[in-house]
Amino acid sequence: MLGYKAYRNSYYRVVDHTLQIVSIYTWQGHRDVRFDIIPMCTPHLCREGEGSLWGDMFEPVVYHNGLRFSVAEPEDILYWIEKVSHRITDVVLPSLEMAMTTADAYCLKRFWKENCPIGLRRTENTLLYEDYRWWLQLGQYQRVRELLYKDLELWKQTHDLANEYERISYENLMGPIKLWCEKSDAEIKQMIEENERRNLRELKWK
């Protein structure tokens with residue numbers, strides 16, 4: 001399928017410095033198709049593990065009357081299959097086919113995030129967890145530093161570090177800063193290249 005590899009309920013391929021994924025999910029009667037583009041510098045991409053193999057960064061595709069679609073009857077299954085096939089061939093795959101460079105992939109991902117279904121809209125504070133990885137992949141290291149430090153300061157203004165839960169959350173937020181911001185551009189570039197090589201091995205792509 002257009003150069004994708006199949007693994008369990010997922011299809012994936014590596015294009016430029018990004019990972020493209022299409023997955024079919026079935027859980028407690030619910031059915032949906034999810035897809036995503038992830039920068040290859042993301043740590044610990046792999047094909048192993050139980051449940052959601054790729055984390056929680058999918059954008060659901062198929063909904064019924066604006067809600068997650070529950071399949072209970074045979075006619076519902078037929079409706080879902082027809083709906084899924086059209087959405088994949090008319091929307092998902094054509095979109096992914098346009099993302100042949102990392103810069104184009106980032107633009108497409110931003111479009112998905114800004115136009116995803118109600119109830120799943122991402123907020124700007126998710127930048128701390130995801131957008132910085134795109135900018136790392138695109139070589140915008142200073143922009144990454146500015147973003148992470150700015151978001152951390154904004155977080156501190158609305159949280160009480162005397163609270164144990166929020167203190168632990170703060171330590172987790174410091175992870176990307178310690179990992180990326182305190183290193184030179186050359187060190188960051190080397191880490192990105194190492195992550196990419198490791199991810200290609202884990203994904204069994206090459």
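The dialogue goes from the overall fold to single residues and their contacts.

Author: Two remarks on the source come before the features. This is a predicted model, in which local features need pLDDT of at least 70 and side-chain atom pairs count only at pLDDT 80 or more, while totals for chains, interfaces and linings use all residues. Residues are numbered from 1 along each chain as its sequence is written, and side-chain values use heavy atoms, with hydrogens and water left out.

Reader: How many helices and strands does the protein have?

Author: Helices (H or I, at least four residues) and strands (E, at least two) are DSSP runs, numbered from the N terminus. Here there are six helices and seven strands. Along the sequence their pattern is β-β-β-β-β-β-β-α-α-α-α-α-α.

Reader: What share of the residues counts as buried?

Author: A residue is buried under 20% relative accessible area, exposed over 50%, and partly exposed in between (1.4 Å probe, protein chains only). Of the 206 residues in this protein, 45% are buried. For areas, the Shrake-Rupley method is used with a 1.4 Å probe, and for residues only the protein chains shown count as cover. The protein exposes about 11,700 Å², and 54% of that comes from carbon and sulfur atoms.

Reader: What share of the contacts joins residues 24 or more positions apart?

Author: A contact means heavy atoms within 4.5 Å. Among contacts with a separation of 6 or more, 59% are between residues 24 or more positions apart.

Reader: Where is Thr18, and which residues does Thr18 touch?

Author: Thr18 belongs to strand 3 (residues 18-27). Thr18 counts as buried because its relative accessibility is 0%. Apart from residues up to four places away in sequence, Thr18 touches Arg13, Ile37, Ile38, Pro39, Met40, Thr102, Ala105 and Trp134. The Thr18 side chain also reaches the backbone oxygen of Val15, at 2.8 Å.

Reader: Which way do strand 1 and strand 2 run?

Author: Two strands pair if DSSP finds at least two bridges between them. Strand 1 (residues 5-7) is joined to strand 2 by three bridges, and the two run antiparallel. Opposite Tyr11 of strand 2 stands Ala6. The hairpin of these strands has two residues between them, and Arg8 takes a positive phi near 50° there. Strand 2 itself is mostly covered, with five of its six residues buried.

Reader: How many salt bridges are there?

Author: Side chains of opposite charge can pair when their charged atoms come close. The rule for a salt bridge is a side-chain nitrogen of Lys or Arg within 4 Å of a carboxyl oxygen of Asp or Glu. By this rule the count is six. One of them is between Arg13 and Glu97, at 2.7 Å from N to O. This pair links distant parts of the chain, with Arg13 in strand 2 (residues 10-15) and Glu97 in helix 1 (residues 74-97), 84 residues apart.

Reader: Are Arg13 and Glu97 buried or partly exposed?

Author: Arg13 is buried, because its relative accessible area is 8%. Glu97 has a relative accessible area of 34%, so Glu97 is partly exposed. Setting aside neighbours within four places in sequence, Glu97 is in contact with Leu2 and Arg13. The C-alpha atoms of Glu97 and Val15 are 9.7 Å apart, although 82 residues separate them along the chain.

Reader: Which residue forms a salt bridge with Asp36?

Author: Lys109 does, with the closest N and O atoms 2.7 Å apart. The pair again links distant parts of the chain: Lys109 is in helix 2 (residues 102-115) and Asp36 in strand 4 (residues 30-39), 73 residues apart. Lys109 counts as buried because its relative accessibility is 1%, and Asp36 is buried at 1% as well.

Reader: What about Asp131 and Arg110?

Author: Their side chains meet in a salt bridge at 2.6 Å, N to O. Asp131 lies in helix 3 (residues 131-137) and Arg110 in helix 2, 21 residues apart. Asp131 is buried at 2% relative accessible area, and Arg110 is buried at 17%.

Reader: How many disulfides does the structure hold?

Author: A disulfide is a pair of cysteine sulfur atoms within 2.5 Å. The structure holds zero disulfides. As for cysteines, Cys41 is buried at 1% relative accessibility, whereas Cys107 is exposed at 53%.

Methods: Polar contact = N/O pair within 3.5 Å; in protein donor to acceptor, adjacent residues only side chain to side chain.
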